[in-house]
Amino acid sequence: MNEKTMKASRKWQTIFFILLIIGMTLASSAITGFNIIHGIATLPKAGAWILSNLMITQESLERLPTILEKLLETILMSIAATTTGTAVAFFLSLMGSKTTGTKKVFGVFARFVASASRNIPVVAWALILLLSFGQNSVTGYLALFVGSVGFLTRAFIESIDEASQSAVEALRATGATYFQIVFKAVVPQCMPQMISWILFMIETNIRNATLVGILTGTGIGYTFDLYYKTLNYNAVALVTFSIIIAVIVIELMSNYIRKVII
Amino acid sequence: MSLLQIKDLGKSYNSDAKVLQGLNFEVESGEFLSIIGPSGAGKSTLLRCINRMVEIDEGKVVFDGQEVGKLNKKELRKVRTNIGMIFQHYNLVPRLSVIENVLHGRFGYKTTIQGVLGRFTEAEKEHAFFLLKKLGIEEHAYKRCDQLSGGQQQRVGIARSLIQEPKIVLCDEPIASLDPNASKVIMDHLKSITQELGITCIVNLHQVEIAKSYSDRIIGLNKGGIVFDGPSYRLHRNHTDQIYGTQTQATPEIRELIMV
């Protein structure tokens, strides 16, 4: 095949793929009955609706104390789920890591728990737990807790594996016990990464808590749902705005903490 | 009875390649013994068989009247408290302070809870400072270990092994990543450990000249077997040629590289 035919065949390949993508888009929108042009055409109207309805008004500001109370509840619940999740994840990651793992069975168990709780979305956990625990804050807490355990175990295993083995070897040679080695050689080395992951988890949990709250009827998510269903859009806007502010503040705080400890 | 007896010691990491084979020697207490040999001769493995950081496959290691290979976990920990270890890369916890790293040497004498909470007695702390002073790094006691130079870190490593009050100190290439000046400081300290405290030292080295000038006795290792065992003044060029597998007619440059 000479250069010219190769160029030509490449050109045909590109054209073929572009046509394929256009064809797939058209086919899928035809099947689902979704009209792109109509969707784009309604954008300005949707924008106008948001601007006119989702405005924070004087009247909605009166609801601020209740909203803030609920927001605080949500933040505290996220932190509680993260800290308790951290404790469980810490021991699971000790089992799962190659550096600190003692038996293979434990390692497999830890990795299984981690991936099972991580790969089922938090929303799915909330719905599953809803059946057994009902609509209360325990359900919301447990859903966030399970998700945190899964994610943090995975992150901690990687932090521990990355930490240098050499200090572990040295402490083993002095006759130190397992937990002495863990707390005096492994933890000091992993501390910055671990705290970083915990802060990240708190941020994520606050975001997730809103969604979980809508399902389990707790915290700021419930407030959002309530105003939304009673068509009080101004209050909905205020809730949304306060969530955004809270998440940004938490993020700034954790960035600051990260800078200080590392 | 000698402090350490090694009988028919053999070790293989995977079934076909033997790292150590049929080693026999005894070490008296207060001896300064160097083990020399090319990379891959099994020097590090030999040291780690003594405190069973690697499992012993064949033969036995008898330390202080106890067969190391037959001990259970608890007994092994107890024996390890009597065996100090010094590493090529110092193996300190970099984010902790010097004094904390030195006190890590006491863990073998503590319960898990005491160790985890870092409960050390006044006497132990005083001992730690005494050792740091002796090694000339007292002023760095509260610095983080990763702020120290290589030579200083190795001295922290020595302090950590001495605070164990060991009967023997195993040194795995203690000066391999240090410059000549720092190397001399470290070797002088190791020598004084045996002379002043009567603690046995086994040092893995690949600098033949240093081994000859510091040690009472040298063991030459090649391909997992002993090819020389005797007082250091008896080690001659034909022995080093045998240890390092070089021919007598090898070019002088190669010999120089090995002898430095």
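Tutor: Residues are numbered from 1 along each chain as its sequence is written, while chains are lettered from A and ligands numbered from 1 in the order in which they are written. Because the model is predicted, local features need pLDDT of at least 70 and side-chain atom pairs count only at pLDDT 80 or more, whereas totals for chains, interfaces and linings use all residues.

Student: How many helices and strands does chain B have?

Tutor: Helices (H or I, at least four residues) and strands (E, at least two) are DSSP runs, numbered from the N terminus. Counting such runs in chain B gives 10 helices and 10 strands.

Student: What radius of gyration does chain B have?

Tutor: This value is taken over C-alpha atoms, and the globule rule is 2.2 Å times the number of residues to the power 0.38. The C-alpha trace of chain B spans about 60 × 40 × 35 Å along its principal axes. For 260 residues a compact globule would have a radius near 18 Å, which agrees with the value for chain B, 19 Å.

Student: Is strand β8 of chain B largely enclosed or open?

Tutor: A residue is buried if 20 or more other C-beta atoms, placed from the backbone, lie within 10 Å of its own, exposed if 12 or fewer, and partly exposed in between. B:Thr200, B:Ile202 and B:Asn204 point one way from β8(B), B:Cys201, B:Val203 and B:Leu205 point the other way, and all are buried. Since 6 of the 6 residues of β8 (residues 200-205) are buried, the strand is largely enclosed by the rest of the structure.

Student: Which residue of β8(B) is the bridge partner of B:Leu33?

Tutor: Two strands pair if DSSP finds at least two bridges between them. Strand β3 (residues 32-36) of chain B runs parallel to β8(B), with 5 bridges joining them. In that pairing, the partner of B:Leu33 is B:Ile202.

Student: And which residue of β8(B) is the bridge partner of B:Val169?

Tutor: Strand β7 (residues 168-172) of chain B also pairs with β8(B) in the parallel sense, over 5 bridges. There, the partner of B:Val169 is B:Cys201.

Student: Which hand does the crossover from β7(B) to β8(B) have?

Tutor: A crossover is right-handed if, with the strands pointing away from the viewer, the path from the first strand over the helix to the second runs clockwise. Here the chain passes through helix α7 (residues 180-197) of chain B, and this β-α-β crossover is right-handed.

Student: Is B:Asp8 buried or exposed?

Tutor: B:Asp8 lies in strand β1 (residues 4-14) of chain B. Its phi is near 50°, a positive value in a residue other than glycine. Because B:Asp8 has 11 other C-beta atoms within 10 Å, the residue is exposed.

Student: Which helices of chain A do the buried residues of α5(A) pack against?

Tutor: Those buried residues are A:Ala110, A:Ala114 and A:Ser117. On the other side of α5(A), the exposed residues include A:Lys104 and A:Phe112. The buried ones pack against α4 (64-96) and α7 (137-162) of chain A.

Definitions and conventions: Contact = placed C-beta atoms within 7 Å.
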